Structures are given as C-alpha cells and as structure tokens.
Amino acid sequence: MQEFLPEGFLLETAENRRYTESLEGLRAAQAQNRVLEARAVRCSAAHDLYVQLGEIQGVLERARCAWGLTEGTVRDVAVLSRVGKPVCFRVAGFRPAAGGVAALLDRRSVQEDCLRGQLARLRPGDVLDAVVTRSEPFGAFCDIGAGIAALLPIDSICVSRIPHPDARFSPGQRIRAVVRGRDALGRILLTHKELLGTWLENAARFSPGETVPGIVRSCEPYGVFIELAPNLAGLAEPTPGVRPGDGVSVYIKSIQPERMKVKLAVVDRFPAPVRAPACRYPDVRRLTRWVYSPPDCKKRIETVFSEIP
C-alpha cells in the first residue's frame, strides 16, 4: 500500500533525484505512476506552478495544483505559497516546448489518493509524521501527507502555556503529532503534547538546588511562569524586568509531585532570548490513553483518545 509523506520528505532522496533529473527518468515515473517531488520555482498570473526537473520544465496547471481548488474549498493562496517549497506530483504527460518538451504534472491526483486512502483510515490516537506549514494565533497548520493540512490547536501543542505557535515551531519543521479527531467538516485535528512526556518524566530531569535555563512564558500579578521543558513549567515570584519570551536562569527551590508544582527563583535574565527546548518523541505508533498528572496528585490531566469523536 502506497505511503503518502508530507511534502519535502522525498525531495533530496537518491531515488527521487534519479527520476526527476532526466527525461528518461520522468517517462519511467509516468509509466510506474510514481509520486515525485520538486521545488516550485514560479507561479504564473494564471496560478500555474512551475518546477525545474533537470533540463526540463515541469508545469502544474492550476486545476492540477491542489485538491479542492476548482471546487472552491481551497484558496489560490495555497498555490502561491508553494513557491520556493517542495511539491509532490505524478507525471501526467508531456507537451512540446521551446527546445524540447515540458512535463505536465498532477498534484491533485496524489492528494485525492492520500485523502481517500491513507487519511481516511486514520483514527484518534494514531501517531504520524507532519511538517509545520504556517502558524496562526490559534494554532499551527501541518502537512500530514501530500500537502494536505491539518490543524494543531495552540492548546494542544504542549502543556506549558505559550503565546503563539511560533514559540515552539517554525515553518518547515518536521514534527510528530497525534490524531485527536475530526471537525464538523471532517477535517483532521491534531494534538502534540501527549508526545512530550508526563509531568513526572519531565520533572525527573531536574533536582531541587539546581540552577537551570528557562523561558518566561507569562507574567501574572502572583508570579512568573517559566518553561523548563516543553511539557513542564514552574512558578517564580513576581520579578521586575522580565517579560514573556525572555531567557532566564532559575534556581529550583522545590519540586512537588503531589501538587504538580515546581517552585523557582529567577537568578538572572539572559541578554538574548533562548530557543525553545527541543522536542523528544517516543517511538510509538498509536496512543489510547495518556495521563500527564502524577498518580498522587488530586488534579488529573489526561487524554483518552478512544472517547474523542
């Protein structure tokens, strides 16, 4: 069964280069109905996409650029925004061009097959590869196969409160995500925090008495929330001069699993913001239940995927 990966996964592979760098390779790919990738180099006024395939120019006419474009469910910006980025396609045919031939390419058919096959079979709890394509204040849009986007809401990115998805991700970043369910229109919704470890797993990386780096995530009248790890934040007393996004060094005063609290004291502010901690993903393909909170904590935070519609 064919696997449809997020766009960009095939681009630099030896197999993809073998098929895309010559006319013979493109003809073989057409005969095998093979999915290839190339980087879009131009979008015409008619919203046709162009890619360069060795010495041959490839053309994705507007109607073949994306599933839903001609039906009005996908906007033309979805085509314009691919310039400079990888696009997947099948070779549909060839036509005469100045100095030789141009390859006619079809991205829509790849997306249709991905939607009707691979994505139609996804269930809540399935873990999949994704690529962040863009961020909005409410969440990040991710390519989950053949350029098809799914929404990862901001409150599902991590347990720590972040002001914007840009605080965690950047466009083109490869991540792993979990299928949370589908919206009223049948579009897939994602979650991410369940892959970043429980409270105890994150807290085990730290000890009282240590001084460690962190990122200020919010400043409240009663204290400052500081992210220590993607799924762990602590609280320091109100500290003049620090702002959300600042990098700080913090002294760990106590770690209290029964209250799910880490008490901190700000030691110093870094002269420049630090990058968000890197995500460490477990090697799992499916989740049914995830419990973030410690067993002896009165507050329970969990996700039960089998109960999510």
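This is a predicted model: local features need pLDDT of at least 70, side-chain atom pairs count only at pLDDT 80 or more; totals for chains, interfaces and linings use all residues.
Which element gives the most to the lining of the largest pocket? It is β6, with 4 residues.

Residues are numbered from 1 along each chain as its sequence is written, and side-chain values use heavy atoms, with hydrogens and water left out.

Pockets, then. Rolling a probe the size of a water molecule over the atoms shows where empty space is left. A pocket here is an open set of points, on a 1 Å grid over the protein atoms alone, where a 1.4 Å probe fits, with protein on both sides within 12 Å along at least five of seven lines; lining residues have an atom within 4 Å of a point. Grid points are joined across faces, edges and corners, and the volume is the space filled by probe spheres set on the points.

The largest pocket has a volume of about 1300 Å³. It is lined by 39 residues, and Arg134, Phe141, Gly147, Ile148 and Ala149 are the closest to its centre. Elements giving two or more residues to this lining are α3 (77–80), α4, β6, β7 (139–143), β8 (149–153), β9 (174–182) and β10 (188–191). Helices here are DSSP runs of H or I with at least four residues, strands are runs of E with at least two, and both are numbered from the N terminus. By class, the lining divides into 20 nonpolar, 8 polar and 11 charged residues. Nonpolar covers Ala, Val, Leu, Ile, Met, Phe, Trp, Tyr, Cys and Pro; charged covers Asp, Glu, Lys and Arg; the others, Gly among them, are polar.

The second largest pocket has a volume of about 630 Å³. Its lining has 24 residues, with Phe225, Ala233, Gly234, Met260 and Lys261 nearest the centre. The classes here are 13 nonpolar, 3 polar and 8 charged.

Methionine 260 is in the loop between β14 (247–256) and β15, and its phi is near 55°, a positive value in a residue other than glycine. Most residues other than glycine have a negative phi. At 14% relative accessibility, methionine 260 counts as buried, because buried means under 20% relative accessible area, while exposed means over 50% and partly exposed lies in between, with a 1.4 Å probe and protein chains only. Histidine 47 also has a positive phi, near 65°, and lies in the loop between β1 (36–43) and β2 (49–53).

Next, salt bridges. How many are there? The count comes to 20 salt bridges, each being a side-chain nitrogen of Lys or Arg within 4 Å of a carboxyl oxygen of Asp or Glu.

Arginine 18 and glutamate 15 form one, with the closest N and O atoms 4.0 Å apart. They are 3 residues apart in helix α1 (residues 14–20), so about one helical turn separates them. Glutamate 15 is partly exposed, at 39%.

Glutamate 112 and arginine 108 form another, at 2.8 Å from N to O. Both lie in helix α4 (residues 108–116), 4 residues apart, and both are buried.

Aspartate 126 is buried, at 12%, whereas arginine 286 is partly exposed, at 34%. There is also a network of salt bridges linking Glu7, Arg82 and Arg107.

Last, arginine 90, in strand β4 (residues 86–97). Arginine 90 is buried, with a relative accessible area of 6%. Its side chain makes a polar contact of 3.2 Å with that of serine 109 and one of 2.9 Å with that of aspartate 113. A polar contact is a pair of N or O atoms within 3.5 Å; within protein, one must be able to donate a hydrogen and the other to accept it, and residues adjacent in sequence count only if both atoms are side-chain atoms.
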